[in-house]
Amino acid sequence: MLFVTDQIIIQDWELSESFTRSSGPGGQNVNKVSTAVELRFEAERSPALTPAVKARLKRLAGRRWTLDGALLLRVEDTRSQARNRELARERLVELIRQSLVAPRRRIATKPTYGSKIRRVEAKNRRGTIKSLRGRVDDTDS
């Protein structure tokens, strides 16, 4: 079991792990040992998460969300398989905690009367400056 909060506990059947060899440099260790962890969390079927949390989790996960509603996390940061498993579980818990926070609704505001007046006066001033840039009439001579 994976404890996210006091109310949210992820059951073992919702998680599955597979191990593969890590990519990149590392010599013999990379070629021999399967240290990379791919953690699969069946988020869409999880009874612990509400539909709103699942929707936010899907948005946060991005490309890590599969078509069948699972979240895939691949961790190959360290040379230790056990440490990579811990990191994958920590990242999953962090993602779920981020999705628990509902974004605050934005309240639309109106510009103040003073700011409207200042904007119009600035436009008039700028227009006057531009109109004075034209060709000078020499009608006096």
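Mentor: Accessible areas here come from the Shrake-Rupley method with a 1.4 Å probe, and for residues only the protein chains shown count as cover. By that method the protein, a predicted model, exposes about 10700 Å², and carbon and sulfur atoms supply 51% of this area.

Trainee: What should I know about the numbering and the model?

Mentor: Residues are numbered from 1 along each chain as its sequence is written. In this predicted model local features need pLDDT of at least 70, side-chain atom pairs count only at pLDDT 80 or more, and totals for chains, interfaces and linings use all residues, while side-chain values use heavy atoms, with hydrogens and water left out.

Trainee: How many helices and strands are in the protein?

Mentor: Helices (H or I, at least four residues) and strands (E, at least two) are DSSP runs, numbered from the N terminus. The protein has four helices and five strands, in the order β-β-β-α-β-α-β-α-α from the N terminus on. The radius of gyration is 29 Å, well over the 14 Å that the globule rule gives for 141 residues, so the protein is more spread out than a compact globule. That radius is taken over C-alpha atoms, and the rule is 2.2 Å times the number of residues to the power 0.38. The C-alpha atoms fill a box of roughly 95 × 45 × 25 Å, taken along the principal axes.

Trainee: Is Thr35 buried or exposed?

Mentor: Buried means under 20% relative accessible area, exposed over 50%, and partly exposed in between (1.4 Å probe, protein chains only). Thr35 counts as buried because its relative accessibility is 4%. Thr35 sits in the loop between α1 (28-32) and β4. Arg59, in helix α2, is exposed, with a relative accessible area of 60%. Of the 141 residues, 27% count as buried.

Trainee: Which residues touch the most other members of the largest nonpolar core?

Mentor: In soluble globular proteins, nonpolar side chains tend to be buried together. A nonpolar core is a set of buried Ala, Val, Leu, Ile, Met, Phe, Trp, Tyr and Cys residues joined through side-chain atoms within 4.5 Å. The largest one here has 23 residues, and Ile10, Phe41, Leu57, Leu71, Leu92 and Ile96 touch the most other members. At least two residues each come from β4 (36-41), α2 (51-61), β5 (71-75) and α3 (81-100); α3 gives the most, with six.

Trainee: What does Phe41 touch?

Mentor: Contact means heavy atoms within 4.5 Å. Not counting residues up to four places away in sequence, Phe41 touches residues including Ile10, Leu57, Leu92 and Ile96.
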